[in-house]
Amino acid sequence: MILKVALLQLLPGKDLEEQFMIGRAACEKAKDMDADVALFPEMWSDGYMIPEDEKVVHELSISADSDFIQGFRMLAEKLQMAVGITFLERHNPKPRNSMILFDRNGKQVLHYSKVHTCDFDSEKMLSSGEDFHVADLDIGRGTVKVGSMICFDREFPESARILMLKGAEVVLAPNACPLEINRLAALRTRAYENMFAIATCNYPAGQPDCNGHSVVFDGVAWLREEPGVRDMCIFEAPGGEGVYLAEIDLDMLREYRANEVMGNKYRHPEKYGILISNRK
């Protein structure tokens, strides 16, 4: 089974209404490309804008049942295509950086809020999420177990490890920062050590502090019937705006996971106590 993921590497508009119009057109294009899932970059509802003013941030935030989010729910159902929509979510005491995944029937299957907020920067204005989640996504030809990380989550191996332990096969990773050699290496490593695919969608060049290069690593580092190793990077977009399609071979990934040594196979969790300790 092939999972087709459309990476919506888009420049944002000037307001929520324009964001919806741009996003809708991109989803329609993704459907024309026969995508199973369309993924937005981080915090699409306001183009990743976080003013250092609590009142303004609250005013920019929207709820999960807002017309904007529900519009994408209805669009997913209409197009018969899953949509991962990202937004500044209204929440107390402070808003959250969130993603909701609607399946092809418009059913909400995943609601994730960024755990590792960038508290050294503008995201100090936000609340962090509480947990990592994995859901079954029905794509019509079968079901795939999907989780999410958002941008800075990638820098913490624990994020990906928890998703792996919960069964994730594919991780959807909205992004809003330069995808350069070190961040790409972190994504590659998360895919390698957990034997899952990671699809990362970034804003294109032209958006402040972003450079495009949305990328997919399929998590398969080698095939026993082939010599040497293979490049897990199965797709990398250029810097410019566009809707880009990547195809993840789930059958190959599942066979690899069943026979190879990464993931949970040889862990020693009884020796990892310091990881859940508050000791400095």
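How far is the sulfur of Cys 233 from the closest cysteine sulfur? The legends below concern a predicted model, in which local features need pLDDT of at least 70, side-chain atom pairs count only at pLDDT 80 or more, and totals for chains, interfaces and linings use all residues. Residues are numbered from 1 along each chain as its sequence is written, and side-chain values use heavy atoms, leaving out hydrogens and water.

**View 1. Cysteine sulfurs.** The structure holds 0 disulfides, a disulfide being a pair of cysteine sulfur atoms within 2.5 Å. The sulfur of Cys 233 lies 15 Å from its closest cysteine sulfur, that of Cys 201, which is too far for a bond. For Cys 151, the closest cysteine sulfur belongs to Cys 177 at 3.7 Å, also too far for a bond. Cys 151 is buried, with 7% relative accessibility (buried: under 20% relative accessible area, 1.4 Å probe, protein chains only).

View 2. Strands are DSSP runs of E with at least two residues, and helices are runs of H or I with at least four, numbered from the N terminus. Strands β6 (residues 134-138) and β7 (residues 143-148) run antiparallel, joined by 5 bridges; pairing requires at least two DSSP bridges. Asp 136 stands opposite Lys 145 of β7. Between the strands are 4 residues, and Gly 140 takes a positive phi near 95°.

**View 3. The open sheet.** Six strands follow the order β5-β4-β3-β2-β1-β12, with mixed pairing. Its edge strands are β5 (108-113) and β12 (242-249). Strand β4 (residues 96-102) pairs with β5 in the antiparallel sense over 5 bridges, and Met 99 has Tyr 112 in β5 as its bridge partner.

Conventions: Buried means under 20% relative accessible area, exposed over 50%, partly exposed in between (1.4 Å probe, protein chains only).
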